[in-house]
Amino acid sequence: LGRFGAFVELHVEQGRALVDTAAPVAVASAIWPHGRWRFDVVGEGNHAGTTRMADRRDPMLTYAFTVLAANKEARLRDAHATVGRVAVEPNATNAIPSKVTGWLDARAADPETLTGLVDAVRGKLAERARRDGTTVTVTEESVTPVVAFDGDLANRLATLLDAPVLPTGAGHDAGVLAAHLPTAMLFVRNPTGVSHSPAEAATDDDCAAGVRALARVLEELTCR
């Protein structure tokens, strides 16, 4: 790493911040802090056809409420909360679950907002569990702090390219290297806003603009 003065990564935009602007290329400022939390909700499994509604201790109700609460709390904070994975036991159509495990992916612009989001979800989850007669265990599986790219380098490139500076909520190779040397990212406009999918896209003109931007950056960093 001592051989390198800087690292610049060119990447399709992961989001739609540039879609309504005249700028085909942006410079990244930082990667949002983010983490994953596992919720284990335990109730009482029983037969769907014979158990009265009033007698149920259904962990799926607690889990469903948690998904909605996470969505609401994230929107209130302009943050991101996603529950995209769930495991149900015994996972039978005619059975009240005995246990539901779900995973929350939470991301925010700063650590304080992220902590506030997760704490709010925890509180609402605990309250709902008391109402449902279920028990909940929350396990923090991973937390990644904010990764700020080199500010001087980002400002220098933004001025050079006359480009906006944007944060990103997704992890990148540049985020790993940022701990070791001056690092920057260039984003190419993505009209769909879709990431990690065949629908992720950029026009030929915008891709060419990205290549030209990277070439100008390399010339600036190596020749001046």
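Q: What makes a residue exposed, buried or partly exposed?
A: Exposed means over 50% relative accessible area, buried means under 20%, and partly exposed lies in between. The values discussed here come from a predicted model.

Q: Why is Cys-223 called exposed?
A: Its relative accessibility is 58%, and the label requires over 50%. Cys-223 therefore counts as exposed.

Q: Why is Cys-207 called partly exposed?
A: Cys-207 has a relative accessibility of 37%.

Q: How many disulfides does the structure hold?
A: The structure holds 0 disulfides. The criterion is a pair of cysteine sulfur atoms within 2.5 Å.

Q: What makes the link between the side chains of Thr-134 and Thr-62 a polar contact?
A: The two side chains are joined at 2.9 Å. A polar contact needs a pair of N or O atoms within 3.5 Å, one able to donate a hydrogen and the other to accept it. The pair is therefore classed as a polar contact.

Q: How does the span of α2 compare with what is expected?
A: From first C-alpha to last, the 22 residues of α2 reach 31 Å, close to the 32 Å expected at 1.5 Å a residue.

Q: Why are the buried residues of α2 placed on the same side?
A: The buried residues are Leu-114, Leu-117, Val-118, Ala-120, Val-121, Leu-125, Arg-128, Ala-129 and Asp-132. They cover an arc of only 170° around the axis, which puts them on the same side of α2. Their cover includes β3 (34-42), α1 (59-76) and β8, whereas the face turned away from the buried side carries the exposed Glu-112, Arg-130 and Arg-131.

Q: What makes Asp-110 a cap of α2?
A: A side-chain oxygen of Asp-110 lies 3.2 Å from the backbone nitrogen of Glu-112, at the N-terminal end of α2. Just after α2, Gly-133 adopts a positive phi of about 75°.

Q: How do you know that β3 and β8 pair?
A: Pairing requires at least two bridges, and β3 and β8 have 9, in the antiparallel sense.

Note on methods:
Residues are numbered from 1 along each chain as its sequence is written. This is a predicted model: local features need pLDDT of at least 70, side-chain atom pairs count only at pLDDT 80 or more; totals for chains, interfaces and linings use all residues. Side-chain values use heavy atoms; hydrogens and water are left out. Helices (H or I, at least four residues) and strands (E, at least two) are DSSP runs, numbered from the N terminus. The expected span of a helix is 1.5 Å times one less than its number of residues. Buried means under 20% relative accessible area, exposed over 50%, partly exposed in between (1.4 Å probe, protein chains only). The arc is that of the directions from the helix axis to the C-beta atoms. Contact means heavy atoms within 4.5 Å.
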